[in-house]
Amino acid sequence: MKAPTYQWQPTTAEIAAAAGISPDQVERFDHNTSPFPTEWAPTAAGPSLSSLNEYPGADYRTLRIAAAELNGLEPEQIVPGAGADELILLCGRAFIDRGDNAVAATPTYPLYEISTLQAGGVFQSVPATSPDFAYPSDQMIRAARDADLVWVCTPSNPIGNVVTADTVEALIAATDGLVVVDAAYAEFSTGDWTERVETHHNLIVLRTLSKAFGLAGARVGYAMGHPDLIADLDGVRPPGSISSVSVALACAALGASTSMEKTVATTVAARNDLASGLQSVGLRVLTSETNFLLCEVGPNAHDIAQQLMGVGLVARKFPADGPLRDYLRFTVRTPEAHKRLIAELERCLG
Ligand SMILES: Cc1ncc(COP(=O)(O)O)c(C=O)c1O
């Protein structure tokens with residue numbers, strides 16, 4: 001089966017041109033990125049800028065050490081990638097053979113299916129069918145018994161909810177294959193899978209610098225796992241997909257986790273304010289442990305998204321033939337951006 005292609009979102013410049021506004025008036029509620037500009041980055045990147053004539057050290061030792069220190073692991077338990085996205089694709093390349101079965105609860109992050117199919121595997125979807133899209137634990141544990149790889153997104157994108165620790169433990173115990181926990185939004189939640197890579201040798205945990213660390217443009221993530229699994233991932237990794245500038249920025253960010261924790265606290269408080277605003281205009285807001293909120297808007301969700309786009313407010317909409325056709329997803333941004341969004345929604349819905 002041919003792998004579906006990833007659907008790119010329109011660029012900020014394209015949206016601004018279509019709306020007849022300047023790019024700085026466009027508010028990206030669709031990317032789950034941080035609203036805080038990286039004013040610290042020029043200083044952190046500075047020294048790396050004068051040696052760009054050379055390749056970055058292909059083993060990315062400094063980045064492994066920085067991630068290992070933050071997580072209380074050894075550098076041999078870490079492999080860096082150009083974002084968690086690259087690591088999802090590398091997991092497919094390293095661990096899925098032709099005809100292998102990989103399973104995930106859906107709706108979920110689309111790259112798991114793409115990675116599985118690109119590797120020649122078979123993707124099995126286990127739909128979450130409750131009104132809140134609660135994780136279908138029993139069905140997933142049953143499916144895990146025959147799976148070569150189990151993709152787990154917790155906290156989940158696009159829903160925002162978490163898979164309980166008991167369920168993840170049960171998935172790990174149920175399968176003879178590998179469990180990949182994509183924890184891209186872990187910092188916004190309470191669950192943490194890091195220490196379990198010490199005890200479970202069929203577990204890989206993925207992290208990213210794109211969300212809580214606010215470095216989406218630098219493209220850095222890392223995988224944690226048993227050194228044998230990490231060696232397998234390293235074996236299929238391109239030698240230099242992370243630039244020297246990105247390495248410098250990522251090491252600075254990983255070394256400043258207190259500052260990350262402050263922005264996470266601000267984001268979580270702002271998430272509660274945004275949820276109240278969205279509820280005040282009549283939307284059903286699902287519980288979230290991430291930096292975004294999924295809302296039930298109704299059958300006119302796509303129309304509303306279009307109207308918002310027309311004034312430079314970009315919501316994430318979902319395929320018209322899928323379970324989230326009546327929903328929109330909004331990233332937590334600044335109080336000013338939230339005010340603009342709620343006022344515009346009031347106008348569209350009123
Ligand atoms: C669940 C999940 N995994 C991975 C990614 C990609 O992260 P990165 O920017 O590190 O490639 C995203 C980005 O939205 C995501 O939501």
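**Figure 1. Helix α13 and its buried side.** In this predicted model, H338, L341 and L345 are the buried residues to look for in α13. They cover an arc of only 65 degrees around the axis, so they sit on the same side of α13. What lies over the buried residues of α13? The cover includes α11 (257–280), β11 (313–314) and β12 (327–331). The length of α13 can be checked too: its 15 residues (335–349) should span 21 Å at 1.5 Å a residue, and the end C-alpha atoms are 21 Å apart, which agrees.

**Figure 2. Strand β2, covered on both faces.** Within β2 (residues 78–81), I78 and P80 are buried on one side, while V79 and G81 are buried on the other. Which strand pairs with β2? It is β8 (residues 221–225), which runs antiparallel to β2 and is joined to it by 4 bridges.

**Figure 3. The largest nonpolar core.** This core holds 103 residues, and V152, V180, V181, L206 and A250 touch the most other members. Helix α4 (residues 83–95) gives the largest share, 7 residues. Why does the core lie between domain 1 and domain 2? Both domains give residues to the core, so it lies between them. For a closer look, centre on V181: leaving aside residues up to four places away in sequence, V181 touches V152, T154, V168, W193, L203, V205 and L206.

Figure 4. The protein chain is divided into domain 1 (12–32 + 258–349) and domain 2 (41–255). Taken over C-alpha atoms, their centres are 26 Å apart. Domain 1 brings 19 residues to the contact and domain 2 brings 18 residues. On the side of domain 1 that touches domain 2, the elements giving two or more residues are α11 and β10 (292–296). The largest share of that side, 5 residues, comes from α11.

Figure 5. T106 and P107 are joined by a cis peptide bond, with omega about 5 degrees, and P107 lies in the loop between β3 (101–106) and α5 (111–118). Another cis peptide bond runs from T154 to P155, with omega near -10 degrees; P155 is in the loop between β5 and α7. Y60, in the loop between α2 (41–45) and α3 (61–71), has a positive phi near 50 degrees. Is Y60 buried or exposed? Y60 is buried, with 27 other C-beta atoms within 10 Å. F133 also has a positive phi, of about 55 degrees, and is found in the loop between β4 (122–127) and α6. With 23 C-beta neighbours inside 10 Å, F133 counts as buried.

Conventions. Residues numbered from 1 in each chain as written. Predicted model: local features only at pLDDT ≥ 70, side-chain atom pairs only at ≥ 80, totals over all residues. Core = buried A, V, L, I, M, F, W, Y, C linked by C-beta atoms within 7 Å. Buried ≥ 20, exposed ≤ 12 C-beta atoms within 10 Å, placed from the backbone. Domains from an automatic or database assignment. Contact = placed C-beta atoms within 7 Å. Expected span 1.5 Å × (residues − 1). Arc of directions from axis to C-beta. Pairing = 2+ DSSP bridges.
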